[in-house]
Amino acid sequence: MNNNESISAFARLLATENIVVRHSADAQTASFGMVDRVLTLPIWRNMTPALYDMLVGHEVAHALWTDNTVDEDLGCLAACVEVAPDNPTSAMPIINVVEDARIERLIKSKYPGLKRDFVAGYKHLFDMDLFQIEEQGGVSE
């Protein structure tokens with residue numbers, strides 16, 4: 001079993017379902033398709049095992065706990081309509097940040113062994129400036 005197969009098996013075990021796991025050099029970041037149940041992992045240079053585990057844990061948490069109910073009339077997430085009925089698309093960035101924090105708390109609670117991977121994974125992302133923090137002036141204390 002190669003490393004990608006091991007990571008795929010790990011993701012399916014955490015998700016408790018037979019999700020599809022794709023490893024893609026074209027992916028900018030990890031993602032999870034709520035409808036097609038496909039977890040996509042990027043292929044970056046110098047990926048550490050902790051970073052892979054953090055990305056898998058985060059996306060699997062979406063599989064387990066993110067509500068993907070769509071408002072059929074407006075064609076967007078029902079949660080966005082609830083938060084901003086006049087302009088639901090404006091709520092998406094806020095909902096995404098809050099949802100990411102919520103599901104990461106849940107996955108680390110369900111699988112406490114991932115806590116260390118999340119700390120190391122976020123440090124790795126910060127060091128590679130994935131979020132372009134330095135480009136935007138850095139972080140002030």
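Q: At what angle do the axes of helix 4 and helix 5 cross?
A: Start with the axes, which are lines fitted to C-alpha atoms, for helices over the stretch in contact, with angles from 0 to 180 degrees between N-to-C directions. Here the axes of helix 4 and helix 5 cross at roughly 140° and come within 8 Å. That makes helix 4 oblique to helix 5, because angles under 35 degrees count as roughly parallel, over 145 as roughly antiparallel, 65 to 115 as roughly perpendicular and the rest as oblique. Glu 104, Ile 107 and Lys 108 of helix 4 meet Leu 114, Lys 115, Phe 118 and Tyr 122 of helix 5.

Q: Before we go on, what kind of model is this?
A: It's a predicted model, where local features need pLDDT of at least 70 and side-chain atom pairs count only at pLDDT 80 or more, while totals for chains, interfaces and linings use all residues. Residues are numbered from 1 along each chain as its sequence is written, and side-chain values use heavy atoms, with hydrogens and water left out.

Q: How many helices and strands are there in the protein?
A: Five helices and five strands, taken as DSSP runs numbered from the N terminus (helices are H or I, at least four residues; strands are E, at least two). Along the sequence the pattern goes α-β-β-β-α-β-β-α-α-α.

Q: At what angle do helix 2 and helix 4 pack?
A: At about 95°, with their axes 9 Å apart. So helix 2 is roughly perpendicular to helix 4. Contact means heavy atoms within 4.5 Å; on the helix 2 side the residues making it include Gly 57, Val 60 and Trp 65, and on the helix 4 side they include Glu 99, Ile 103 and Lys 110.

Q: How many residues does helix 4 have, and where does it bend?
A: Helix 4 covers residues 88-110, which is 23 residues, and reaches 31 Å from its first C-alpha to its last. That's close to the 33 Å expected at 1.5 Å a residue (1.5 Å times one less than the number of residues). Helix 4 bends by about 30° at Ile 94, where the bend is the angle between axes fitted to the seven residues ending there and the seven starting there.

Q: Which residues in helix 4 are buried?
A: Buried means under 20% relative accessible area, exposed over 50%, and partly exposed in between (1.4 Å probe, protein chains only). An α-helix has 3.6 residues a turn, so residues three or four places apart point the same way. In helix 4, Pro 88, Ala 91, Ile 95, Glu 99, Ile 103, Glu 104 and Ile 107 are buried. They pack against helix 2 (49-65), strand 5 (76-77), helix 3 (78-83) and helix 5 (114-127).

Q: In the largest nonpolar core, which residues touch the most other members?
A: Of its 26 residues, Ile 19, Leu 39, Leu 41, Leu 55 and Val 60 do. Such a core is a set of buried Ala, Val, Leu, Ile, Met, Phe, Trp, Tyr and Cys residues joined through side-chain atoms within 4.5 Å. Helix 2 gives the most, eight residues.

Q: Is Thr 16 buried or exposed?
A: Exposed, with a relative accessible area of 58%. Thr 16 sits in the loop between helix 1 and strand 1 (20-24). Most residues other than glycine have a negative phi, yet phi of Thr 16 is near 55°, a positive value. Asn 46, in the loop between strand 3 and helix 2, has a positive phi too, near 60°.
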